[in-house]
Each structure stands twice: as C-alpha cells, then as structure tokens.
Amino acid sequence: MPELPEMEALRRLLDEPVSAHAIMHAGPAHVATLKTFDPPLRVLEGQRLAGAERRGKRLFFPTEDGELVLVVHLMSAGRMRWLKPGEAGPKKPAFRLAFEGGAQLVMTEAGSKKRAGVWLLSPEAAAAEVEHLGPEALGLGSEGLDEILRRDSRRLHPLLRDQRAIAGIGRAWSNEILHHAKLSPYALSTDLSDAEVQRLADAIDAELSRGLELREQGKGNAATYRVHDKLGEPCYVCGTLLARVEFEEHTIYYCPTCQTGGRVLKDRRLSRLLR
Ligand SMILES: [Zn+2]
C-alpha cells in the first residue's frame with residue numbers, strides 16, 4: 001500500500017530518468033487503468049517529460065512543453081517500476097511508457113480488481129484532481145495539525161487516513177505514527193492536550209521521514225514497518241505483544257501498553273454495527 005514515504009521515494013527515483021529521453025511508445029494501458037481517452041496516450045510519443053512531482057499519494061509527470069500532465073495513483077495494489085534498457089519486465093503491465101534508449105516505466109496491479117489509475121490531463125485538470133486534498137503530512141507541524149484536529153471530533157486513526165484532512169498517510173503509516181506518538185487509534189481528535197498534539201505532529205514527521213529513508217534504500221515492508229502487520233510480535237518499545245483490532249473496514253495494529261493504557265480495543269466492524 002504505497003503511501004507518502006513510498007511515493008516520495010518513487011518520485012525521487014524517477015525524477016531524473018523519466019526526463020532523460022523522449023517517450024517512444026506510450027501504452028499499452030489496461031482499459032480499466034487508463035481513466036481518460038481524450039487526448040489519446042499516443043500524443044505523448046516523441047515528447048519529453050519534465051520530471052516527477054508528487055501530491056499526497058499521486059505522482060505527476062508533466063510534459064516538457066507544459067501542455068499535459070500524466071497523473072498516476074497506485075491505490076493499494078498498484079506498483080510502478082523503472083526498467084533499465086534490456087531489463088525484463090512484466091508480460092502484461094497495466095500501463096507502460098517506453099523511452100528512447102530502451103528504458104521503460106511500467107505499472108502493474110496485483111489481483112483482479114483494477115483500482116489503480118492513470119490520467120492524461122491538462123495542467124488545470126490535473127490541479128483539479130488534487131484540489132480536495134488536505135495539506136501534505138510531512139512537515140505539517142503542530143499548528144497545522146492542531147487546526148485539523150479541532151475541526152471535528154474524530155477518531156485519530158481514520159482522521160489521519162482521511163486525504164481531505166491530511167494528504168499522504170494510509171493505514172500502515174497511521175499505525176506507525178500513532179504508536180510512535182503513544183496515542184490510542186480510537187482517541188478523539190478534540191480530546192488531545194497540547195502536549196499530545198505536539199507529540200503527534202513530531203511522530204508524523206519522524207515516522208514518515210524514517211519510512212522515506214528506508215524506502216529510498218529499497219527496504220521492503222518487513223524491514224520498514226515496526227507495528228503495522230506485526231500481530232503478536234513484541235513492541236519495539238516495551239516488549240508487549242502487539243494487538244490488532246477491526247475498525248470499520250480496516251485492520252488497526254497497536255501496542256496495548258504504549259497506546260491504550262493496557263486496554264484491549266473492541267472490534268468496531270462496519271458489518272457488525274449495521275446488524
Ligand atoms: Zn509498547
């Protein structure tokens with residue numbers, strides 16, 4: 001599930017190589033992956049990209065002439081890879097750009113549900129795509145965070161994941177951040193003390209920076225996450241076995257000692273609440 005650290009690491013990796021050569025062939029693209037049809041992808045052929053930009057979890061590849069922007073959102077199962085000339089790639093990519101000189105940018109998506117997307121847009125339309133996003137999570141700071149927390153009384157885990165409130169955090173980094181901040185995933189945003197807001201702001205920066213550094217080193221999930229997906233493993237701070245709780249349609253991982261004062265959180269599955 002690529003979130004801000006993963007997407008920013010990818011952006012840094014792609015920024016130079018995508019602009020080094022003109023696009024020779026744009027496509028193929030899976031019919032469910034390419035979300036726009038006008039202009040057609042082939043207008044990119046012969047053009048150069050100016051580099052890679054990021055907003056929240058989306059990547060933007062503007063053309064050098066400033067007329068178009070290729071927007072990519074990997075959702076939860078999409079993956080993007082840079083293939084050097086001659087490097088073998090997937091047989092059926094969901095999307096591909098082949099560059100002069102032989103390098104390729106390929107996107108794949110595991111599973112049958114095609115949710116990841118590619119859009120070819122005007123700069124104005126590309127900007128409109130991200131208009132709803134909240135401020136970038138990394139570097140948000142305690143003042144910016146405080147304003148968001150006070151707006152509505154919401155539980156911290158879903159609030160951190162809400163892209164309209166804060167852009168870039170998903171379920172994995174919510175788990176890491178809340179553990180680092182020693183806050184319950186169920187705590188209400190308006191109940192936080194000033195010291196807790198500061199701790200949460202610091203944890204957002206610390207964890208996203210840690211993630212970015214590890215992803216830039218090419219580290220996988222097991223070496224990057226310390227709480228997420230680690231049910232039954234000892235907490236890296238106190239040694240308590242990490243717990244898991246179902247909240248709406250998400251699974252939350254946490255440490256009962258560090259985060260909830262020893263309390264085990266109760267499942268709040270949407271399906272159960274609706275029964
Ligand atoms: Zn702990």
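This is a predicted model: local features need pLDDT of at least 70, side-chain atom pairs count only at pLDDT 80 or more; totals for chains, interfaces and linings use all residues.
Local features need pLDDT of at least 70 and side-chain atom pairs count only at pLDDT 80 or more, while totals for chains, interfaces and linings use all residues. Residues are numbered from 1 along each chain as its sequence is written, and side-chain values use heavy atoms, with hydrogens and water left out.

The zinc ion has as protein donors the SG atoms of Cys235, Cys238, Cys255 and Cys258, at 2.3 to 2.4 Å. Donors are N, O and S atoms within 2.8 Å of the metal (3.2 Å for Na, K and Ca); sites may look incomplete because water is not among the atoms. The arrangement is tetrahedral because the four donor atoms subtend angles of 100 to 114°; the criterion for four donors is that all angles lie between 85 and 135 degrees. The ideal angle for four tetrahedral donors is 109.5 degrees.

Along the sequence the donor residues follow the spacing C-x2-C-x16-C-x2-C. Cys235 sits in the loop between helix 7 (221-224) and strand 9 (243-248), and Cys255 in the loop between strand 10 (250-254) and helix 8 (256-259), so the pair ties together parts 20 residues apart in sequence. Helices (H or I, at least four residues) and strands (E, at least two) are DSSP runs, numbered from the N terminus. Cys235, at 5% relative accessibility, counts as buried, and so does Cys255 at 0%; buried means under 20% relative accessible area (1.4 Å probe, protein chains only).

Two strands pair if DSSP finds at least two bridges between them. Strand 9 and strand 11 pair in the parallel sense over two bridges, and Phe247 has Arg268 in strand 11 as its bridge partner.

Methods:
Four donors count as tetrahedral if all angles lie between 85 and 135 degrees; four count as square planar and six as octahedral if opposite donors are over 155 degrees apart and all others between 65 and 115; anything else is irregular. Buried means under 20% relative accessible area, exposed over 50%, partly exposed in between (1.4 Å probe, protein chains only).
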